[in-house]
Amino acid sequence: RDGVAKYIASSSRDGLFLTTKIRKAPQGTSPEEAAKRAKDQIDEDLKALGVSSVDMLMLRDSPDPRVIQSQWAVLEEALASGKTKSIGVIN
């Protein structure tokens, strides 16, 4: 993340497809805490990268469907508010 931020600061973002991944919630994390962690991470990543939005936010797989659903809702909020252009899930 730091290297990408340094590049963006010294160059243009033109031609880049900027993505970031939401960290996997630790096992036993409640859906509410997982959602809060995801929200906080999105804001931290945008600040660290020095941008107001990314092209894609990706969510890591979780064995708890309630955690995935709560984090997915956060990604949908980020999409609606313009913090990302697209969202997806990776495993």
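I began with strand pairing and looked up Ile22, whose bridge partner in S2 is Leu59; two strands count as paired if DSSP finds at least two bridges between them. I take helices (H or I, at least four residues) and strands (E, at least two) as DSSP runs, numbered from the N terminus.

Before going on, I noted that this is a predicted model, in which local features need pLDDT of at least 70 and side-chain atom pairs count only at pLDDT 80 or more, while totals for chains, interfaces and linings use all residues. Residues are numbered from 1 along each chain as its sequence is written, and side-chain values use heavy atoms, with hydrogens and water left out.

I then checked pLDDT, the predictor's confidence in each residue from 0 to 100. The chain averages 92, and 100% of the residues score at least 70. Confidence is lowest in helix H1 (residues 2–10), with a mean of 81, and highest in helix H3 (residues 65–80), at 97.

Returning to the strands, I found that S1 (residues 19–22) pairs with S2 in the parallel sense over 4 bridges, and that Thr20 stands opposite Leu57 of S2. Between these two strands the chain passes through H2, and this β-α-β crossover is right-handed; that is, with the strands pointing away from the viewer, the path from the first strand over the helix to the second runs clockwise. On its other pairing, S2 is joined by 4 bridges to strand S3 (residues 87–90), and the two run parallel. There Leu57 has Ile87 as its bridge partner, and S2, H3 and S3 make a right-handed β-α-β unit.

Buried means under 20% relative accessible area, exposed over 50%, and partly exposed in between (1.4 Å probe, protein chains only).

Where does Leu49 sit? I found Leu49 in helix H2 (residues 31–49), and it counts as buried because its relative accessible area is 6%. Leaving aside neighbours within four places in sequence, Leu49 is in contact (heavy atoms within 4.5 Å) with Arg1, Val4, Ala5, Ile8, Leu18 and Val54. Leu49 and Ala34 are 15 residues apart in sequence and 22 Å apart in space, C-alpha to C-alpha.

My last entry is on Thr84, which lies in the loop between H3 and S3 and counts as buried because its relative accessibility is 3%. The Thr84 side chain reaches the backbone oxygen of Val54 at 3.4 Å. Leaving aside neighbours within four places in sequence, the contacts of Thr84 include Ser53, Asp55, Met56 and Leu57.

Conventions. A polar contact is a pair of N or O atoms within 3.5 Å; within protein, one must be able to donate a hydrogen and the other to accept it, and residues adjacent in sequence count only if both atoms are side-chain atoms.
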